[in-house]
Amino acid sequence: MAWLLALLLFFPIFWLGLTAFKTELQAIAVPAELFFSPTLANFIEVQARSNYLLYAMNSIITSVGSTLLGLLIAAPAAYSMAFSPTKRSKDILVWMLSTKMLPAVGVLVPIYVLYQKFGLLDTRWGLTIIFTLSNLPIMVWMLYSYFKEIPREILEAARMDGASIFKEFRYVVLPLALGGLASTALLCLVLSWNESFWSLNLGAANAGTLASLIASYSSPEGLFWSKLSAASLMAIAPIIVFGWFCQKQLVQGLTFGAVK
């Protein structure tokens with residue numbers, strides 16, 4: 001059953017990769033062609049038409065930047081709520097999580113107007129900020145859960161040895177929660193990389209991410225399936241390879257504390 005489920009989940013990616021090496025006629029052929037002469041023309045045309053490297057660089061900068069900025073904000077916030085809670089801490093956590101229940105399109109107009117006023121439209125900084133704000137509730141909740149698993153006795157021992165709050169956070173809490181920090185960073189990196197709504201609405205030629213590149217192959221004339229598949233494969237390949245090499249840390253971090 002596990003193998004069957006894995007094959008079902010992998011099949012769309014397999015079919016995407018297969019279509020990327022077909023011509024447009026082969027891509028829409030009925031019945032579908034499983035055996036054909038592969039071509040690299042789609043990848044060459046995607047690079048020639050759209051400057052793939054620019055979109056890829058924008059995705060890397062905005063995803064990594066939003067992840068690092070989110071960790072800088074979420075880690076101290078989660079630390080304070082985990083080890084110095086007030087009677088409103090739980091309410092704040094629930095309120096932060098409730099913001100994820102709001103459809104993004106519901107706040108598109110005010111955010112667009114603000115971005116227009118402050119000159120953040122179609123900028124990497126603008127996308128980095130909105131990606132950070134979008135993922136911040138998840139980051140705070142995840143880190144809060146990891147920090148809660150750290151025994152308070154360790155922190156009390158550090159305080160008895162004269163450690164300040166900063167040193168306690170830097171030399172005790174962060175090393176003990178390294179797995180949680182890694183998994184939180186990886187998850188938010190993937191979420192930022194795959195974000196399409198804000199990329200399409202707040203980005204364009206200068207700061208467009210790979211999501212914008214994929215969307216550009218949908219036109220009023222129709223869908224160019226082979227070129228769309230090639231662009232999609234080029235967009236997801238880096239994050240798939242990255243996730244494959246980091247899967248051990250990701251799984252360890254996501255299951256940290258779940259058995260207690």
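Visitor: How many helices and strands does the protein chain have?
Guide: Let's count DSSP runs from the N terminus: a helix is H or I over at least four residues, a strand is E over at least two. This is a predicted model, where local features need pLDDT of at least 70, side-chain atom pairs count only at pLDDT 80 or more, and totals for chains, interfaces and linings use all residues. Residues are numbered from 1 along each chain as its sequence is written, and side-chain values use heavy atoms, leaving out hydrogens and water. The tally for the protein chain is 14 helices and two strands.

Visitor: Are α4 and α10 oblique or roughly parallel to each other?
Guide: Helix α4 (residues 52–83) and helix α10 (residues 178–194) pack at about 140°. Angles run from 0 to 180 degrees between N-to-C directions, with axes fitted to C-alpha atoms over the stretch in contact. Under 35 degrees is roughly parallel, over 145 roughly antiparallel, 65 to 115 roughly perpendicular, and the rest oblique. So α4 and α10 are oblique.

Visitor: Is glutamine 26 buried or exposed?
Guide: You'll find glutamine 26 in helix α2 (residues 24–27). Buried means under 20% relative accessible area, exposed over 50%, and partly exposed in between, using a 1.4 Å probe and protein chains only. Glutamine 26 has 17% relative accessibility, so it counts as buried.

Visitor: Which residues does glutamine 26 touch, not counting residues up to four places away in sequence?
Guide: Contact here means heavy atoms within 4.5 Å. With residues up to four places away in sequence left out, glutamine 26 touches Glu33, Phe36 and Ser37.
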